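I opened my notebook today to get to know a new structure.

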Amino acid sequence: MSRIHDIISQLEQVASDPQKAIESYKKETGKGAVGILYVYGPEEIVHAAGYLPVGLWGANKTITQARAHLLPFACSIMQSVMELECEGAYDTLEAVLFCVPCDTLKCMSQMWKGKAPVITFTHPQNRKIAAANDFLAEEYSLVRTKLEKILNTKITDEAIERSIEVYNDNRKAMRDFCDTAADHPEIIDPTVRHAVIKARFFMEKSKHTALVNELISELKKQPIKPWTGKKVVLTGIMAEPAGLLDVIKNNGFAVVADDLAQESRQFRNDVPAGKSPLYRLARWWQELDGCSLATDPTKPRGQMLINLADKYDADGVIVCMMKFCDPEEFDYPIYYPQLHQAGIRNTMIEVDLEARTFEQVNTRIETFAELLSR
Amino acid sequence: MNIEQASAKELLAHYQAKLDEEAREAKKNGKLVCWSASVAPPEMCVTMDIAMVYPETHAAGIGARKGATDMLEVAASKGYSIDNCSYARVNLGYMELLKQYAKTGVKPELLAKSPAADVPLPDLVITCNNICNTLLKWYENLAAELNIPCIVIDVPFNHDMPIPDYSKRYIVKQFEHAISQLEGITGKRFDYDKFLEVQKQTQRSVAQWKRIASFLQNEPSPLNGFDFFNYMALIVCARSRDYAEITFKKFADELEEKLQKGIYAFGDNEKSRVTWEGIAVWPYLGHTFKTLKNAGALMTGSAYPGMWNLEYTPGDLMSMAEAYTRIYINTCLENRGKELAAVAEQGKCDGLLLHNNRSCKLMSLLNFQTAELVSKKLQIPYAAFDGDQTDPSNFAPAQYDTRVQSLCEMMKK
């Protein structure tokens, strides 16, 4: 057990202090970090350059400076990112990759306040036709060229292929971890689960994979104990700040699976095989289903949530609704009745990265826990 | 109606009603009806003789006739957040009522008493994200709720200008894909000769549309920009038909005549000229106009109607792709600033009035940044107000009046 706790504590430290993780990477390799702004970016290209791709997902912050630049109805995560931009939190980065799959991100990409150069790229949204992959591969090619110039290094196809393998190994490890964690909620509570997953945004991926694989093998040595609490699936953009997950944990819930953009949507699919590394990365986007930011008129998210709840024997689904995120808000009226029809109980909580108190969330989660106990 | 003798205003009302009637007739006769995003290319569907209905225009009409609140409530009851676009919510509420009507045969009370124009449910939808990605989410939901095909024309955000060929090629492939989808849906071969004629018609409509806009250059101006907003219904709903061309030509001819006779929009009370940035506040169109009018501030610039300046070379799909993707809000800030400055310059504007529209993030979140660029370039002031295109609860007349007043004071200096 002590090794389990060691690994968890190591990953928790990384997840809670990205700045320190970046500094130690710099010290170790002599190379810096490149920000991958929420939500999906071709991290492998950065990794292939030998730089550390770092996920930028905001922080639990009071919004003050951002108010001068961003209207109040922009989503909570972008308010938080803007605040961090204004504070200079991203100024140690060599560059920032900026994707624009929603209207707020399009605008945010045009008002960057940090010092690091921004490389914007667009995901195609008519995703299921081959031409979409050609378009995205061209966008990634531009990203590569711009990165090469900024980082003053050559990023070869071979290096990207190698990085794709490193990333696919990590994706597999993460899927295994989520499955194993579901068997051991008494050890991997919602907060720990989140930290293990979040740490992958701030570590060189093969190192993260090695630690996670070791954690999995240690967990598998532990007996599977009956879980007396309730099991839930989380869906949404992210389940932060920490206080929000504490509420879920303190009400006796185990997170047995998730459909969060910050978590499983990142790794539920591998980068598929293909004719060139950039085309392969493009195809990953084509195959990403059930995300509110990836257009799909067949709206598969409801059925995917039903399948997840069935597979992991979940008692219910908690919708973590990012404040002012219209893509997520548009999905809800479609999947909510589907969950209802399938008899899957669910509740919605608001994700506000500025939140300091969580009484409202607690009331909802407490009520949900009582409902599930009936 | 005698088309030759009718006024532009009469033609506008006539053709709007006729388009709705055609859609209802199509439905009755088993022909296809398509609901379309306002700047999605209609050329393919029109070639296929599909009747078109435009939910944004329809929702704006409901808003202007003070009927939005009921539809917004229906959408809320279906789980739509008040943060979502009010055009989408009004339309999804309306769709829900039509669905209930089709299912039960009993007209829901809210539908019966709604001032909404009577339009039929669609058999397919077509969307395009050149004016927002919200249109992707909204149309996904329409297609899912009604279990009908959805044609998507994705025009990627142009983070750098000029627009690269690979982006245009991707859009052309989607036109081709849409054509094959339509052939599958209709069971008919696509008529490329007719397609060319439809493209030519679209260009004739756009040319007359631009001709109307050109009157805004005159000082004083015979054209009030708010009237221009009213005519938008036809550039949206009928640009690939001659209805738009006929009406716009008549309107431009009338403006020409007014100009020659010295008849101006504000008579001799044109004290200043403003650019209106953003969509109109349809439920308060009268109020927003009158406040400006009382201050002698004439709206002679708006980039909004210019989104339909869809000029391209008929027969050249790359050129058509470029026309549909270069919409200013689908481009980088620098280009947005350039386009808005050109509008303000053309309208000889003394200031900018920015609509921070709760329903439209893409047209609002960069308002200040764009205005700063324009203000710096043209040395003109700007002011902003909070509003919404169709949700009346998000607009406060008093705040609007104060902001207009302060803009007018700044313009005087």
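My first question: is D313(A) buried or exposed? I counted 11 other C-beta atoms within 10 Å of D313(A), and 12 or fewer is the cut-off for exposed, so D313(A) is exposed. I found D313(A) in the loop between α13 (301–311) and β7 (316–322) of chain A. Its phi is near 50 degrees, a positive value in a residue other than glycine.

**Confidence.** I noted that this is a predicted model. Its scores are ipTM 0.97 and pTM 0.97. Chain B averages a pLDDT of 97, and 100% of its residues score at least 70.

N152(A) sits in the loop between α6 (130–151) and α7 (157–183) of chain A. With 9 other C-beta atoms within 10 Å, N152(A) is exposed.

Next I went through the peptide bonds. The one from E240(A) to P241(A) is cis, with omega near 0 degrees. I placed P241(A) in the loop between β5 (230–236) and α10 (242–250) of chain A. In chain B, the bond from M161(B) to P162(B) is cis, with omega near 0 degrees. P162(B) belongs to the loop between β4 and α8 of chain B.

**The four-stranded sheet.** I traced an open sheet in chain B with the order β2-β1-β3-β4 and parallel pairing. β2 (51–53) and β4 of chain B stand at the edges with a single partner strand each, so one side of each has no neighbour in the sheet. On average, neighbouring strands here are turned by 25 degrees against each other, direction ignored. I also checked how β1 (residues 33–36) of chain B meets β2(B): three bridges join them, and they run parallel. W35(B) has V53(B) as its bridge partner in β2(B). Helix α7(B) lies across β1, β3 (124–128) and β4 of chain B, and runs at about 170 degrees to β3(B).

**Where the chains meet.** How many residues does each chain bring to the contact? I noted 39 residues from chain B and 37 residues from chain A. On the chain B side, α7 (134–146), β4 (150–153) and α8 (165–186) are the elements that give two or more residues. The most come from α7(B), with eight residues. By class, this side of chain B has 17 nonpolar, 14 polar and eight charged residues.

Strand β5 (residues 272–277) of chain B pairs with β6(B) in the parallel sense over four bridges. Here T275(B) has G301(B) as its bridge partner in β6(B). To get from β5(B) to β6(B), the chain passes through helix α12 (residues 285–294) of chain B, and this β-α-β crossover is right-handed. I marked β6 (residues 297–301) of chain B as mostly covered, with five of its five residues buried.

**One last residue.** I ended on M410(B), in helix α16 (residues 397–412) of chain B. M410(B) counts as partly exposed because it has 14 C-beta neighbours inside 10 Å. Beyond its neighbours within four places in sequence, M410(B) is in contact with G351(B) and P381(B). N29(B) is 381 residues away along the chain, and its C-alpha atom is separated from that of M410(B) by 58 Å.

Methods:
Residues numbered from 1 in each chain as written. Chains lettered and ligands numbered in written order. Predicted model: local features only at pLDDT ≥ 70, side-chain atom pairs only at ≥ 80, totals over all residues. Buried ≥ 20, exposed ≤ 12 C-beta atoms within 10 Å, placed from the backbone. Contact = placed C-beta atoms within 7 Å. pLDDT = per-residue confidence, 0-100. Nonpolar A, V, L, I, M, F, W, Y, C, P; charged D, E, K, R; others polar. Pairing = 2+ DSSP bridges. Right-handed = clockwise from strand over helix to strand, strands pointing away. Axes fitted to C-alpha atoms, helices over the stretch in contact; angles between N-to-C directions.
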